[in-house]
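Keep the viewer open and click along.

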Amino acid sequence: MTFDIEMIKTVYARMGERIEAARKAVGRPLTLAEKILYGHLYEGIPTKAFERGKDYVDFAPDRVAMQDATAQMALLQFMSAGIPKVAVPSTVHCDHLIQAKIGAKQDLDTANSQNKEVYEFLASVSNKYGIGFWKPGAGIIHQVVLENYAFPGGMMIGTDSHTPNAGGLGMIAIGVGGADAVDVMAGMAWELKFPKLIGVKLTGKLSGWASAKDVILKVAGILTVSGGTDAIVEYFGEGADSISCTGKGTICNMGAEIGATTSLFAYGPKMRDYLVDTNRKDVADLADQYTAHLRADEEVYQNPAPYYDQLIEINLSELEPHVNGPFTPDLAWPISKFAQAVKENGYPVKLEVGLIGSCTNSSYEDLTRAASIAEQAVTKKLKAKAEFTITPGSELVRFTAERDGILGTFEKMGGVVLANACGPCIGQWARHIDDPNRANSIITSFNRNFAKRNDGLSATRAFVASPEIVTAFAIAGDLTFNPLKDKLVNENGEEVMLDEPKGLEAPAKGYAVEDAGYQAPAQDGSQVQVAISPTSDRLQKLDAFKAWEGTDLKGLKLLIKAKGKCTTDHISMAGPWLKYRGHLDNISNNLLIGAVNFFNEATNKVKNVLNGQYDEVPKVQRAYKAAGVGSIVVGDQNYGEGSSREHAAMEPRHLGVRAILVKSFARIHETNLKKQGMLALTFANPSDYDKIREDDTLDIVGLTTFQEGKPLTLVLNHADGSREEISVKHTYNAQQIEWFKAGSALNLIAQQSKK
């Protein structure tokens with residue numbers, strides 16, 4: 001069925017007028033990203049051109065999507081805003097809280113029991129406020145959105161960093177924090193810095209072992225984890241048109257790993273096929289009518305360089321399969337060079353586990369290509385040397401794959417089918433290992449591979465590849481194996497080679513499902529009660545953060561000076577902490593426990609300057625809060641990269657941290673900090689990071705005249721009595737400064753809703 005078809009019709013009906021006005025305002029042909037952005041201005045018809053990477057712009061997204069771990073805090077905030085019903089179509093998807101341990105049925109049963117309170121809260125709050133609810137087991141948010149809600153030319157935000165997956169259906173889909181979702185659900189403008197544009201021209205065509213996954217693995221190697229920051233990556237060319245819709249989704253999904261605001265492809269036959277296959281022919285017919293609006297202007301395709309801030313070209317016919325990692329998703333190795341890299345870098349050669357699926361690679365096409373390799377293990381009498389797990393992306397995909405014998409093929413190879421959920425991709429994995437401190441290698445078709453990301457073990461080296469490459473490695477159990485040219489010895493002692501993978505973009509007999517897992521909200525939710533027990537350790541009603549006191553901030557203590565990579569996983573870990581995502585005080589006990597302290601190279605061990613003792617980060621910060629002392633966190637480059645989790649901004653705010661000062665921020669995290677009333681600051685001179693000492697007392701001066709474009713001053717009062725002043729920058733505009741003054745953006749919404 002097609003959800004929200006009238007909304008989609010409205011979006012298409014207004015596109016022509018808005019795009020034409022945008023062309024006049026900009027004075028040139030438009031890229032696809034520009035057409036969608038200018039077509040979704042909150043003010044309506046475009047009247048002026050915006051400067052990329054500089055101007056903050058108000059947008060009106062068409063819909064909001066939330067996964068269960070982030071939805072808890074987003075909806076707790078929405079409840080505080082005093083608004084009776086969401087203003088745009090919105091959904092909640094229960095995919096993060098299911099731990100992979102035994103297998104699909106047992107793990108889902110356990111999750112329903114352990115998370116009963118949270119699921120009932122999410123179901124009831126969705127029912128009350130007009131939000132569509134997808135039950136546990138329905139599937140991973142991004143796959144479910146692609147199958148049901150994404151549409152070419154639309155715009156959505158989602159409280160998960162891999163929301164850009166919907167770009168595979170030509171949609172600008174952007175990962176945000178819960179406070180941003182509250183803005184849109186409340187019918188308010190959503191603010192975004194107008195993105196820069198990176199064009200990726202794809203020529204040729206994928207063949208053999210190469211897959212859509214390898215496109216983004218190569219792009220990640222080119223742009224690195226921060227190369228796409230504040231930019232939209234737009235793929236085009238005959239190579240782009242030839243990739244399946246779900247393959248496009250894979251590429252857009254992992255664009256989060258290069259820091260991109262989002263990624264997208266233009267509408268074409270592959271998208272039409274997918275819409276029809278997923279029972280949305282009405283959307284496909286509409287898109288056909290408006291195709292000119294759903295692709296860049298022809299002049300852009302003929303001569304792309306002048307229209308993009310950066311242009312990359314990749315020949316798909318020459319693209320090798322890639323393996324990226326470990327510890328970072330942008331360390332890219334072509335398969336021909338990977339064995340040598342394993343040997344030279346001393347990575348453990350023995351592969352212990354291969355895992356396929358996740359929101360990035362769990363489509364029907366992915367499963368069939370991987371299954372074509374698994375089938376060979378059976379027919380060629382090859383016994384898998386590594387453990388092997390499979391995570392279907394949705395109940396639609398799982399049910400269809402089971403009907404078609406695909407899951408049975410994996411099981412014959414020795415694979416374990418997990419629940420339709422995120423599972424090991426986000427650390428929800430009860431891994432079985434003899435020695436958790438032993439260096440070991442795993443390989444996944446997931447998106448992220450930071451230390452501890454999948455299994456919580458710092459000794460694990462995690463690599464990322466396509467599902468078919470992962471399956472081949474699981475059979476070989478050896479990271480120096482190259483399936484394109486190496487032979488394996490089977491159970492009969494014979495040398496055999498794996499043939500190239502083959503797959504189907506869509507099931508020959510069509511998709512099928514008995515219960516997709518959707519629950520529609522009440523037509524009138526005014527009488528629905530949302531109960532939160534005051535003694536719950538999983539859910540906690542929010543208290544408003546205090547407004548700014550109107551003075552400069554003086555006497556701040558240094559909580560931690562984080563060294564090197566500090567992602568939102570380091571700031572607010574997932575895994576076992578996911579169960580506290582609806583309880584701000586409890587989850588704050590994981591604040592920065594994964595960050596490396598510059599002064600002692602240790603994690604979760606910082607100095608409490610009130611007593612001179614070293615202790616855990618949250619305990620030290622709670623001591624400062626109890627003493628009425630504010631604090632500051634100092635960080636390195638691209639601070640807050642990774643997941644969109646706003647808990648990484650709310651926890652320090654809740655515990656009394658007043659400012660985060662870093663060399664540079666990841667986009668989503670900087671916005672999350674601003675939304676929560678925090679000061680997000682950067683060094684005017686990055687080398688000033690070295691001037692921060694462990695025992696410093698810090699003052700932030702200039703707040704009484706806080707204004708856009710005007711730096712602030714940080715005073716370093718050293719313990720030896722000396723004093724230094726350094727300049728610190730910020731990117732706050734007038735509206736964001738009001739968030740800071742009010743104590744949070746939510747405080748302003750609540751004030752306005754009472755008027």
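## Around helix α22

Just after α22, glycine 656 takes a positive phi of about 100°. This is a predicted model, where local features need pLDDT of at least 70, side-chain atom pairs count only at pLDDT 80 or more, and totals for chains, interfaces and linings use all residues. Residues are numbered from 1 along each chain as its sequence is written, and side-chain values use heavy atoms, with hydrogens and water left out.

A word on naming: helices (H or I, at least four residues) and strands (E, at least two) are DSSP runs, numbered from the N terminus. "Buried" means under 20% relative accessible area, "exposed" means over 50%, and "partly exposed" is in between (1.4 Å probe, protein chains only).

Back to α22, which covers residues 647–655: 9 of its 9 residues are buried, so the helix is largely enclosed by the rest of the structure. The buried set is His647, Ala648, Ala649, Met650, Glu651, Pro652, Arg653, His654 and Leu655. Their cover includes α3, α19 (568–571), α20, α21 (617–626), β26 (657–662) and α23 (667–675).

Contact here means heavy atoms within 4.5 Å. Asparagine 590 sits in the loop between α20 (584–587) and β23 (606–608), and it is buried, with a relative accessible area of 0%.

## Two helix pairs

Axes are lines fitted to C-alpha atoms, for helices over the stretch in contact, and angles run from 0 to 180 degrees between N-to-C directions.

| Helix pair | Axes come within | Crossing angle |
|---|---|---|
| α3 (residues 68–80) and α5 (residues 116–129) | 11 Å | roughly 50° |
| α15 (residues 364–379) and α18 (residues 467–476) | 8 Å | roughly 20° |

Angles under 35 degrees count as roughly parallel, over 145 as roughly antiparallel, 65 to 115 as roughly perpendicular and the rest as oblique. That is why α3 and α5 are oblique to each other, and their crossing is left-handed. For handedness, a crossing is left-handed if the near helix is turned anticlockwise from the far one by less than a right angle, and right-handed if clockwise. On the α3 side, the contact uses Asp68, Ala71, Gln72, Leu75, Leu76, Phe78 and Met79, while α5 brings Val118, Tyr119, Phe121, Leu122, Val125 and Tyr129. These residues split into 11 nonpolar, 1 polar and 1 charged. In this count, Ala, Val, Leu, Ile, Met, Phe, Trp, Tyr, Cys and Pro are nonpolar, Asp, Glu, Lys and Arg are charged, and the others, Gly among them, are polar.

The pair α15 and α18 is roughly parallel, with a right-handed crossing. Here Asp366, Arg369, Ala370, Ile373, Ala374 and Ala377 of α15 meet Pro467, Glu468, Thr471, Ala472 and Ile475 of α18. That contact divides into 7 nonpolar, 1 polar and 3 charged residues.

## A parallel sheet

Which strands make up the open sheet, and in what order? There are 4 strands, ordered β10-β9-β8-β11, with parallel pairing. Two strands pair if DSSP finds at least two bridges between them. β10 (262–265) and β11 (310–315) stand at the edges with a single partner strand each, so one side of each has no neighbour in the sheet. On average, neighbouring strands are turned by 20° against each other, direction ignored.

Strand β8 (residues 196–203) is joined to β11 by 6 bridges, and 6 bridges also join β8 to β9. Leucine 202 has isoleucine 314 of β11 as its bridge partner, whereas valine 200 stands opposite tyrosine 235 in β9. β8 is mostly covered, with 6 of its 8 residues buried.

## Two loop residues

Tyrosine 347, in the loop between α14 (335–345) and β14 (351–357), counts as buried at 13% relative accessibility. Its C-alpha is 8.7 Å from that of proline 326, 21 residues away in sequence.

Valine 609 lies in the loop between β23 and β24 (613–615) and is partly exposed, at 25% relative accessible area. The C-alpha atoms of valine 609 and glutamate 694 are 8.6 Å apart, though 85 residues separate them along the chain.
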